[in-house]
Amino acid sequence: MEGHMPNIHWNKAFSVGFAELDIQHQKWFELYNTARTRAIQHDQALPGDVIAQFLTDMRAYSNDHFVYEEEYMLEIGYPDAGDHQKIHQAFDAKISEYQNALDHASPQMTKEILDFIQHWLLDHVANEDRKYCSFAAPR
């Protein structure tokens, strides 16, 4: 894919100080990296069934992660848990929007999907998720 973005590599800057959530975030990155690598192998676009399965897998994993993370934020008394949940809901809505648009899949759509997910993951984990670190005791 011309102008493709690199894989997301886990490092300590992404850590939220809770091992289970860090492991979940690493698995999330791996899910993205696998799709990105396959897109490059297919020279621009993932076949429709592959991108559809990726979005299904991404949405399922994300929603499981969101439930776990939202329960954790409530457990530690994170005051912005409601706002954080809205960010999760917006991500889910965007993935659903992409799923509904797959009838019009193209190389550009594959790139758009992967770019969106990469930017979202990097920003969300490094910025939004790290905001609740100060409310949690190390585990």
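1. Overall make-up. This is a predicted model, and its protein chain holds 4 helices and 0 strands, so that, read from the N terminus on, the elements run α-α-α-α. Of the 139 residues, 40% count as buried. Among contacts between residues at least 6 apart in sequence, 80% join residues at least 24 apart.

2. Helix geometry. Helix α1 covers residues 19-41, and its end C-alpha atoms lie 33 Å apart, which agrees with the 33 Å that its 23 residues should span at 1.5 Å a residue. Helix α2, residues 48-76, has 29 residues and reaches 41 Å from its first C-alpha to its last, close to the expected 42 Å. Just after α2, Gly-77 takes a positive phi of about 75°.

3. The pair α1 and α2. The axes of these two helices come within 11 Å and cross at roughly 170°; because angles over 145 degrees count as roughly antiparallel, α1 and α2 are assigned to that class. Their crossing is left-handed. On the α1 side the residues that meet α2 include Leu-21, His-25, Trp-28 and Tyr-32, while those on the α2 side include Phe-54, Met-58, Tyr-61, His-65 and Glu-69.

4. Helix α3 (residues 81-100) packs against α2 at an angle of about 175°, with the axes 10 Å apart, and that makes the two roughly antiparallel. The contact is made by residues that include Leu-55, Met-58, Arg-59, Phe-66 and Met-73 of α2, together with His-84, His-88, Phe-91, Asp-92 and Ile-95, among others, of α3. Here the division is into 9 nonpolar, 8 polar and 4 charged residues.

5. The pair α2 and α4. The axes of α2 and helix α4 (residues 107-128) come within 13 Å and cross at roughly 20°, and the two helices are therefore roughly parallel to each other. This crossing, too, is left-handed. The residues that meet are Ile-51, Phe-54, Leu-55, Met-58, Phe-66 and Glu-69 in α2, and Ile-113, Leu-114, Ile-117, Trp-120 and His-124 in α4. They divide into 9 nonpolar, 1 polar and 1 charged.

6. The buried residues of α1. Which residues of α1 are buried? They are Leu-21, Asp-22, Gln-24, His-25, Trp-28, Phe-29, Leu-31, Tyr-32, Asn-33, Ala-35, Arg-36 and Ala-39, and what covers them includes α2, α3 and α4. As background to the spacing in such a list, an α-helix has 3.6 residues a turn, so residues three or four places apart point the same way.

7. His-25. This residue has its place in helix α1. Why is His-25 classed as buried? Its relative accessible area is 0%, and buried means under 20%, so the residue meets that cut-off. Leaving aside neighbours within four places in sequence, His-25 is in contact with Trp-10, Val-16, His-65, Glu-69, Val-125, Asp-129 and Tyr-132.

Technical notes. Residues are numbered from 1 along each chain as its sequence is written. This is a predicted model: local features need pLDDT of at least 70, side-chain atom pairs count only at pLDDT 80 or more; totals for chains, interfaces and linings use all residues. Side-chain values use heavy atoms; hydrogens and water are left out. The expected span of a helix is 1.5 Å times one less than its number of residues. Axes are lines fitted to C-alpha atoms, for helices over the stretch in contact, and angles run from 0 to 180 degrees between N-to-C directions. Angles under 35 degrees count as roughly parallel, over 145 as roughly antiparallel, 65 to 115 as roughly perpendicular and the rest as oblique. A crossing is left-handed if the near helix is turned anticlockwise from the far one by less than a right angle, and right-handed if clockwise. Contact means heavy atoms within 4.5 Å. Buried means under 20% relative accessible area, exposed over 50%, partly exposed in between (1.4 Å probe, protein chains only). Ala, Val, Leu, Ile, Met, Phe, Trp, Tyr, Cys and Pro count as nonpolar, Asp, Glu, Lys and Arg as charged, and the others, Gly among them, as polar.
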